[in-house]
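Please open the structure in your viewer and keep the selection panel at hand.

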Amino acid sequence: MNGADEKKAFLGVGLSFPPCLKADGRISTIAFEEDIHQAILIILRTNPGERVMRPDFGAGLNAFLFEPISVSTMHLIKTRVEEALIDWEPRIDVEQVKVLNDRSDPGRLLIDITYRVRATNTVRNLVYPFYLQEGSAQ
């Protein structure tokens, strides 16, 4: 590790998700901020009950599938995402979560997450597309 990597080593190194192999046959890993980024995606994509040893893990966004796109639904999703990230990703502070109606793609919401990595004090952003309904033919 070089000097910069040693300063960030406490952020973690983990298996890439989805798990895959490198060209040399070794298991692919990720490190530091990318490890946190993938951990957030795993939280957003997991529903409570999917993990046997952690039945409460995940944001549970599938509960909102086929709900109408409304201010109420968007607020519930925002709250669910904030709470899940606070509960399951201790390496970050959630700065802001916005849920926006993607007018260019009916049935899709954009979950815009701004978070601060606690250890390095860096601010990062992730925009997660969430489909409430099937896409329409264009």
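**A guided tour of the sheet and its surroundings**

Begin by selecting Lys98, which stands opposite Asp112 in strand E4. This is a predicted model, in which local features need pLDDT of at least 70 and side-chain atom pairs count only at pLDDT 80 or more, while totals for chains, interfaces and linings use all residues. Residues are numbered from 1 along each chain as its sequence is written, and side-chain values use heavy atoms, with hydrogens and water left out.

**The sheet**

Next, display the open sheet, in which three strands follow the order E3-E4-E5 with antiparallel pairing. Its edge strands are E3 (92-101) and E5 (122-131), each of which pairs on one side only. From one strand to the next, the twist averages 20°. Strands here (E, at least two residues) and helices (H or I, at least four) are DSSP runs numbered from the N terminus; two strands pair if DSSP finds at least two bridges between them.

Select E3 together with E4: these strands pair in the antiparallel sense over nine bridges. Their hairpin has six residues between the strands, and Gly107 takes a positive phi near 90° there.

Then move to E4 (residues 108-117) and E5, which pair in the antiparallel sense over ten bridges. Select Arg116 to find its bridge partner in E5, Val123.

**The helices on the sheet**

Axes are lines fitted to C-alpha atoms, for helices over the stretch in contact, and angles run from 0 to 180 degrees between N-to-C directions. Contact means heavy atoms within 4.5 Å.

**The loop between the helices**

Select Thr46, in the loop between H2 (33-45) and H3 (71-88). Is Thr46 buried or exposed? Thr46 counts as buried because its relative accessibility is 7%; buried means under 20% relative accessible area, exposed over 50%, and partly exposed in between (1.4 Å probe, protein chains only). Leaving aside neighbours within four places in sequence, Thr46 is in contact with Arg51, Phe57, Gly58, Ala59 and Gly60.

**The whole protein**

Finally, show the entire protein, which has three helices and five strands. From the N terminus on, its elements run α-β-β-α-α-β-β-β. Of the 138 residues, 36% are buried.
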